[in-house]
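I opened this model to look up a few local features and some packing. My notes follow.

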Amino acid sequence: MFAAVYGMTVLGLQAHLIRVEVDVANGLPSFDIVGLPNVAVREARDRVRSAIRNSGYQFPLQRVTVNLAPADLRKEGSGLDLPIAIGILAATGQCLCQSLNQDVFSGELSLEGTLRPVPGVLTMSIALNKENNKLDFEGARISEGFCLIIPPDNLVEARLVNGLETHSTSTLRQIVQALEKKSDFEDDISSSQLPQSEVCNGSQVDWSDIHGQQHVKRALEIAAAGGHNAILVGPPGSGKTLLAKAYSGILPHLSEQESIEVTQLYSVCGLLNCNGSLVQHRPFRSPHHTATKAGIIGGGRDLRPGELSFANHGVLFLDELPEFAREVLECLRQPMEDRELTITRQSGSITYPAHVSVIASMNPCPCGFFGDQGRVCHCTPIQVQNYRGRISGPLMDRFDLHIEVPRLNYSELKNSINNESSSVVRERVMAARQRQWVRLGSAKTNAEMTAKETKEFGKLTSSGESLLQKIFDSQHLSARAHDRILRVARTIADLGGSSDILPEHLAEAIQYRALDKRLQI
């Protein structure tokens with residue numbers, strides 16, 4: 001006796017259609033699952049056996065072999081419980097349905113036969129919808145269209161994808177009855193259950209809550225407008241962490257596509273706070289400096305994403321940057337440049353997005369008071385040099401803006417005049433980004449310009465070229481620093497509504513590379 005049904009497995013951010021083939025033959029009772037299953041899939045044997053029996057069906061006392069095709073693709077997760085159970089019932093004649101090849105099942109089974117939610121349903125829905133819309137060479141649809149059958153707790157999430165037929169019931173027995181009788185699934189969603197499109201900034205610190213530090217706020221506004229990475233350097237208590245938290249509030253709201261991408265990643269990792277709702281705010285991730293390389297970059301046995309990917313389309317805040325392990329910091333160099341990260345291990349290779357704004361902070365020296373006019377620094381020059389030397393030159397080059405955050409005096413701390421709110425600053429940031437989108441394409445910022453685009457859109461006047469040449473030669477800047485200065489200057493011009501980069505725009509961009517000089521003792 002043989003039957004085949006379809007399930008899905010998620011690897012990274014890709015969902016793959018799995019053909020679950022079940023063969024029930026005479027022989028000693030056994031239950032084998034082949035096709036590169038991981039531990040969770042192999043343990044489905046005990047869950048499926050108990051779920052079938054407790055749902056009122058008979059588990060065959062024969063040799064049961066389940067093959068997960070394609071056999072060379074690694075299978076992960078408990079979502080294959082449901083298709084394996086349906087396949088066994090179909091092979092033994094206990095599920096009489098002739099159209100199982102048009103249904104895709106995913107769900108974890110409890111021992112009593114109820115369906116439990118599984119992570120990654122949004123990714124499955126997106127992949128299945130693409131599969132349904134595939135066309136042949138003549139423009140006709142290849143398949144009649146798959147229907148996705150999932151647990152009730154995943155239904156709202158699956159219906160974030162328009163055009164895909166999805167159904168659900170609470171138990172294994174109800175699914176079999178619905179398939180046999182061709183009856184409608186009782187899974188209609190009322191309008192009150194649909195995810196709301198309320199926009200949340202994700203930041204509890206408003207721009208107006210920060211007193212003083214006007215030049216720092218100006219620099220962070222430039223960073224937000226152009227998608228640039230920035231590092232804040234200042235003594236303890238000067239407001240570096242507060243500024244970083246408020247920074248996420250001046251970023252533009254997530255677009256629909258960006259929101260789906262962020263929700264997809266969080267769904268795969270089981271981190272959605274409430275079922276079925278899109279992530280409407282930009283992520284703000286602030287890992288501790290004791291985090292490991294796998295925790296920041298990702299990896300491990302299952303090649304899970306790290307904090308860098310969790311901050312996709314948001315902010316990754318690295319507080320006390322020199323305190324992070326050197327190997328962790330060096331791993332950030334490539335993804336900060338390419339905006340994506342490929343993790344390669346013996347078990348395979350997975351690419352995760354890393355479209356993030358990296359904001360870092362650090363003290364100027366071990367005691368924190370080097371250069372502070374009001375406090376005495378007790379560090380020796382070699383101590384200061386060793387402390388700052390923990391951050392390599394190539395990594396420092398990848399921060400477009402180096403921003404000094406001085407200690408505030410009492411009058412600056414109490415002055416709340418002309419403090420703009422986050423919404424006001426965000427409007428200027430959005431206006432600058434719209435100019436970039438017209439020039440570079442949708443959702444692309446100045447920080448992502450290629451060398452060719454930088455040369456084309458970063459043209460300077462003769463006086464600007466003379467100024468940049470003087471600074472480049474005197475400060476011994478790298479070619480990467482040269483391009484990043486031009487990109488920051490282009491952003492400053494966009495904020496000012498100028499089509500050309502004027503000398504004053506270039507001069508302001510150059511001053512944000514001050515640490516290239518001052519970090520030398």
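Where is the place of Pro 70? I found Pro 70 in the loop between strand S4 (63-69) and helix H3 (81-91). Helices (H or I, at least four residues) and strands (E, at least two) are DSSP runs, numbered from the N terminus. I checked the peptide bond that joins Ala 69 and Pro 70: it is cis, with omega about 5 degrees.

A note on the source. This is a predicted model, where local features need pLDDT of at least 70, side-chain atom pairs count only at pLDDT 80 or more, and totals for chains, interfaces and linings use all residues. Residues are numbered from 1 along each chain as its sequence is written, and side-chain values use heavy atoms, with hydrogens and water left out.

**Positive phi**

I looked up His 313. Its phi is positive, about 65 degrees, although His 313 is not a glycine. His 313 lies in the loop between helix H11 (307-310) and strand S14 (315-318). Is His 313 buried or exposed? His 313 is buried, at a relative accessible area of 9%. Buried means under 20% relative accessible area, exposed over 50%, and partly exposed in between (1.4 Å probe, protein chains only).

Next I took Arg 339. Arg 339 is not a glycine either, yet has a positive phi of about 65 degrees. I placed Arg 339 in the loop between helix H13 (333-338) and strand S15 (340-345). Arg 339 is buried, with a relative accessible area of 14%.

**The sheet**

I traced an open sheet of seven strands with mixed pairing, in the order S3-S4-S2-S1-S5-S8-S9. Two strands pair if DSSP finds at least two bridges between them. The edge strands are S3 (30-34) and S9 (165-167), and each pairs on one side only. From one strand to the next, the twist averages 30 degrees. S3 and S4 pair in the parallel sense over five bridges. Ser 30 stands opposite Arg 63 in S4.

**Helix H9**

I counted 13 residues in H9, which reaches 18 Å from its first C-alpha to its last. That is close to the 18 Å expected at 1.5 Å a residue; the expected span is 1.5 Å times one less than the number of residues. How many of the 13 residues of H9 are buried? Ten are, so H9 is largely enclosed by the rest of the structure. Among them are Glu 258, Val 262, Leu 265 and Tyr 266. Gly 270 follows H9 and has a positive phi, near 70 degrees.

**Helix pairs**

I looked at H4 (residues 121-132) with H9 (residues 256-268). Their axes come within 7 Å and cross at roughly 125 degrees. Axes are lines fitted to C-alpha atoms, for helices over the stretch in contact, and angles run from 0 to 180 degrees between N-to-C directions. H4 is oblique to H9; angles under 35 degrees count as roughly parallel, over 145 as roughly antiparallel, 65 to 115 as roughly perpendicular and the rest as oblique. Val 121, Leu 122, Thr 123 and Ile 126 make the contact from H4, and Ile 260, Thr 263, Gln 264, Ser 267 and Val 268 from H9. Contact means heavy atoms within 4.5 Å.

My last pair was H7 (residues 214-226) and H20 (residues 479-495). Their axes come within 9 Å and cross at roughly 95 degrees. H7 and H20 are therefore roughly perpendicular to each other. On the H7 side, the contact includes Arg 218 and Glu 221; on the H20 side, Val 488 and Leu 495 are among the residues.
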